[in-house]
Amino acid sequence: TSHDYHFDFSEEQMAELHEKGRLEVTVSEGEKQMVILFTYKDGEIHEHGNIKNLVDMNWYNIKNLSDASTEVVIYDEIGTWGVDSKSFIEEVKEISTENVVLRINSPGGSVIDGLAIHDAIKRMPQKVTAQIEGLAASIASVIALGADEVTMSENSLFMIHNVWGGETGGAKEMRKAADLMDKMGDRLVNIYVSKTGKEESEIRNWMNEETWFTAEEAMEAGFINRIEEPIAL
């Protein structure tokens with residue numbers, strides 16, 4: 001279906017279009033919301049159509065591969081697009097197949113959502129195999145460890161670090177936020193220790209240094225169970 005749109009660019013938008021050569025405009029039509037890309041070159045403005053369908057965008061996707069297996073894909077920042085862990089957990093509860101393949105390529109995201117997802121995966125009665133395909137960083141690494149088995153493509157990366165974030169308010173709010181981050185950090189340490197069998201001090205040192213692991217290093221450290229063939233990036 002094609003649609004015609006009429007845009008009245010503001011002075012600020014025109015300035016951005018001329019300066020950067022591109023401008024993204026969010027358009028709403030009923031319940032649909034999309035992003036239109038405009039570019040400016042050689043004195044002409046060009047429209048590139050809908051580049052993001054915000055209604056359909058999600059950081060995860062779930063689909064049946066067969067009667068015996070379901071694929072769960074996390075290929076974005078966890079908790080983006082206003083979709084929190086609640087909808088994810090509700091959907092994985094409905095999975096009825098014997099096996100679940102959890103494919104991950106994510107820089108991380110919301111720690112609270114990630115911990116809830118880790119626990120939900122841990123509770124799943126199915127055999128869950130996590131496949132790291134490119135990157136499992138920050139809280140995404142914790143989600144991967146909720147699976148029964150963790151594999152990693154040869155050219156992927158695995159990263160762990162301390163919990164961080166921001167807060168506004170007075171000294172009382174700042175102290176409460178710091179205490180919460182400490183508690184969440186302790187949970188991450190316990191998850192990493194449980195998977196690897198490493199000493200807590202070593203795990204905390206890796207987190208303090210924001211440590212990046214290749215597949216071989218992650219295997220040696222005990223974060224993953226198996227290395228797979230390289231994937232095309």
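Trainee: Why is S66 called partly exposed?

Mentor: S66 has a relative accessible area of 37%. Buried means under 20%, exposed over 50%, and partly exposed is in between (1.4 Å probe, protein chains only). So S66, at 37%, is partly exposed.

Mentor: A word on the basis. This is a predicted model, where local features need pLDDT of at least 70, side-chain atom pairs count only at pLDDT 80 or more, and totals for chains, interfaces and linings use all residues. Residues are numbered from 1 along each chain as its sequence is written, and side-chain values use heavy atoms, with hydrogens and water left out.

Trainee: Where is S66 found?

Mentor: In the loop between strand 4 (60–64) and strand 5 (69–74). Helices (H or I, at least four residues) and strands (E, at least two) are DSSP runs, numbered from the N terminus. S66 and T97 are 31 residues apart in sequence, yet 8.2 Å apart in space, C-alpha to C-alpha.

Trainee: What makes T211 count as buried?

Mentor: T211 has 17% relative accessibility. The limit for buried is under 20%, so T211 counts as buried. T211 belongs to strand 10 (residues 211–214).

Trainee: Which residues is T211 in contact with, leaving aside its neighbours within four places in sequence?

Mentor: F158, M159, I160 and W206. Contact means heavy atoms within 4.5 Å. A polar atom of the T211 side chain also lies 2.7 Å from the backbone oxygen of W206.

Trainee: Which residues of helix 6 are buried?

Mentor: I203, W206 and M207, in helix 6 (residues 200–208). They cover an arc of only 100° around the axis, so they sit on the same side of helix 6. The arc is that of the directions from the helix axis to the C-beta atoms. Exposed S201 and N208 are on the face turned away from the buried side.

Trainee: What do the buried residues of helix 6 pack against?

Mentor: Strand 9 (157–160), helix 5 (171–196), strand 10 and helix 7 (215–221). Just after helix 6, E210 takes a positive phi of about 50°.

Trainee: How many cavities of 30 Å³ or more are there?

Mentor: The count is 1. On a 1 Å grid over the protein atoms alone, a cavity is a set of points where a 1.4 Å probe fits but cannot get out; lining residues have an atom within 4 Å of a point. The largest cavity holds about 40 Å³ of space. Its lining has 8 nonpolar, no polar and no charged residues, among them F88 and M124.

Key. On a 1 Å grid over the protein atoms alone, a cavity is a set of points where a 1.4 Å probe fits but cannot get out, and a pocket is an open set with protein on both sides within 12 Å along at least five of seven lines; lining residues have an atom within 4 Å of a point. Grid points are joined across faces, edges and corners, and a volume is the space filled by probe spheres set on the points. Ala, Val, Leu, Ile, Met, Phe, Trp, Tyr, Cys and Pro count as nonpolar, Asp, Glu, Lys and Arg as charged, and the others, Gly among them, as polar. A polar contact is a pair of N or O atoms within 3.5 Å; within protein, one must be able to donate a hydrogen and the other to accept it, and residues adjacent in sequence count only if both atoms are side-chain atoms.
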